[in-house]
Amino acid sequence: MKSMLSEDERVSALLGGERWWFDHFEKRVVKAATAYVAYGCPDWGAPNGIRKPQLCPFCVLPDLAIGFQEKYFAGRMSTDEHLDLFRHVLDTILSNVPDLHTLMVFNAGSFPAMPPALQEGILSLVASSGSVKRVVVESRAGLITAATLDPLLKILDGIRLTIRIGVETKDHHLRTKSLPKGQSYDQLLAASTEMRRQGVDSGGYVMLNPAPGLSREQAVQEAKATISWVLDESAGDLALQEVYFCAACVEPGTLLEKSWRAAAFQPATRSEEHTSELQSHHD
């Protein structure tokens with residue numbers, strides 16, 4: 001990964017670096033880069049950048065967005081301030097990454113949860129760049145609707161849109177109670193259906209051992225079942241086009257860290273047998 005620097009430390013803090021990325025649809029490796037937007041996670045009806053502490057206990061990103069806003073903007077950023085900063089971030093990326101193909105725009109929460117003016121302003125800047133072929137964002141499933149997608153696709157006008165959903169686990173209890181993600185099966189299925197209808201590329205995050213209470217064998221079997229559920233196209237499956245798989249990570253300051261310190265949770269560790277089994281699953 002190639003790092004990028006800017007004279008403005010606010011810009012440098014929001015640069016994710018250059019990487020090579022395999023484009024599943026073009027079947028080739030392309031240049032990609034990440035641009036962060038320090039908005040936070042207001043998905044649950046809370047104020048800008050604030051989240052209820054019991055939600056998504058494995059995720060520290062909203063807290064990082066809060067810290068960024070507090071350090072540089074007295075705790076709160078306007079839409080205009082977000083857009084002005086994103087413009088500088090994007091300009092830095094375009095200056096440092098020749099032949100940029102894919103731009104990943106991550107806002108430490110759901111992209112469609114931001115104000116429409118901010119969503120549309122960001123994508124207008126991306127579309128006017130003249131070089132980006134694919135833009136990637138994240139969203140909670142319940143926010144993916146025709147009303148959400150229509151204005152974004154109109155702005156992108158042929159640039160491919162990929163939306164990634166934090167599925168994490170097929171297990172309904174783990175997903176809605178232990179994590180909790182706040183995403184029902186019906187919401188996930190509806191989001192998948194709407195993305196296919198609109199021609200939006202789709203992907204889902206899957207975690208190995210996402211919450212306390214699973215043995216090593218249970219965690220592996222649950223992860224395999226979730227990967228199949230995300231990718232398969234049979235009745236009842238999500239039929240997303242990509243899956244992003246990793247072990248759950250204990251982040252400082254989260255409820256998952258409290259469980260780990262209380263010896264109630266042990267992150268997945270490397271096992272040759274299980275690593276090989278999972279890597280070969282759905283190849």
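Modeller: Start with the core. A nonpolar core is a set of buried Ala, Val, Leu, Ile, Met, Phe, Trp, Tyr and Cys residues joined through side-chain atoms within 4.5 Å. Buried means under 20% relative accessible area, exposed over 50%, and partly exposed in between, with a 1.4 Å probe and protein chains only. The model is predicted: local features need pLDDT of at least 70, side-chain atom pairs count only at pLDDT 80 or more, and totals for chains, interfaces and linings use all residues. Residues are numbered from 1 along each chain as its sequence is written, and side-chain values use heavy atoms, with hydrogens and water left out.

Biologist: Which residues touch the most other members of the largest nonpolar core?

Modeller: Phe-86, Ile-93, Leu-103, Val-105 and Ile-122 do, in a core of 53 residues. Helix α3 gives the largest share of this core, 6 residues. Another core, of 9 residues, lies apart from it and includes Phe-58, Leu-174, Leu-179 and Ala-248.

Biologist: What does Phe-86 touch, not counting residues up to four places away in sequence?

Modeller: Contact means heavy atoms within 4.5 Å. By that rule Phe-86 touches Ala-35, Val-37, Leu-103, Val-105, Ile-122, Leu-125 and Val-126.

Biologist: How many helices and strands are in the chain?

Modeller: The chain has 10 helices and 7 strands. These are DSSP runs, numbered from the N terminus: helices are H or I with at least four residues, strands E with at least two. Buried residues make up 51% of the 283 residues. Among contacts between residues at least 6 apart in sequence, 71% join residues at least 24 apart.

Biologist: Why are α3 and α4 called roughly parallel?

Modeller: Take the angle. Helix α3 (residues 79-96) and helix α4 (residues 116-127) pack at about 20°, with axes 10 Å apart. Axes are lines fitted to C-alpha atoms, for helices over the stretch in contact, and angles run from 0 to 180 degrees between N-to-C directions. Angles under 35 degrees count as roughly parallel, over 145 as roughly antiparallel, 65 to 115 as roughly perpendicular and the rest as oblique. So α3 and α4 are roughly parallel to each other.

Biologist: Which hand does the crossing of α3 and α4 have?

Modeller: Right-handed. A crossing is right-handed if the near helix is turned clockwise from the far one by less than a right angle, and left-handed if anticlockwise. On the α3 side, Thr-79, His-82, Leu-83, Phe-86, Arg-87 and Leu-90 meet Ala-117, Leu-118, Gly-121, Ile-122, Leu-125 and Val-126 of α4.

Biologist: What classes do the residues of this α3 and α4 contact divide into?

Modeller: They are 8 nonpolar, 3 polar and 1 charged. Ala, Val, Leu, Ile, Met, Phe, Trp, Tyr, Cys and Pro count as nonpolar, Asp, Glu, Lys and Arg as charged, and the others, Gly among them, as polar.

Biologist: What makes α4 and α5 roughly parallel?

Modeller: Their axes cross at roughly 20° and come within 9 Å. That angle falls under the 35 degrees limit, so α4 and α5 are roughly parallel. Their crossing is right-handed. Gln-119, Glu-120, Leu-123, Ser-124 and Ala-127 in α4 meet Pro-151, Leu-152, Ile-155 and Leu-156 in α5. By class, that contact has 6 nonpolar, 2 polar and 1 charged residues.

Biologist: And how do you know that α5 is roughly parallel to α7?

Modeller: The axes of α5 (residues 146-156) and α7 cross at roughly 30° and come within 11 Å. That makes α5 roughly parallel to α7. Here too the crossing is right-handed. Ala-146, Leu-149, Asp-150 and Leu-153 of α5 make the contact with Glu-194, Arg-197 and Gln-198 of α7. The residues divide into 3 nonpolar, 1 polar and 3 charged.

Biologist: Now the loops. Why does Gly-199 count as exposed?

Modeller: Its relative accessibility is 56%, so Gly-199 counts as exposed. Gly-199 sits in the loop between α7 (185-198) and β6 (201-208).

Biologist: Why does Gln-241 count as partly exposed?

Modeller: Gln-241 has 32% relative accessibility, so the label is partly exposed. Its loop runs between α8 (216-231) and β7 (242-247). Gln-241 and Ser-202 are 39 residues apart in sequence but 5.4 Å apart in space, C-alpha to C-alpha.

Biologist: What is the phi of Asp-99?

Modeller: Near 60°, a positive value in a residue other than glycine. Asp-99 is in the loop between α3 and β3 (100-106). At 68% relative accessibility, Asp-99 counts as exposed.
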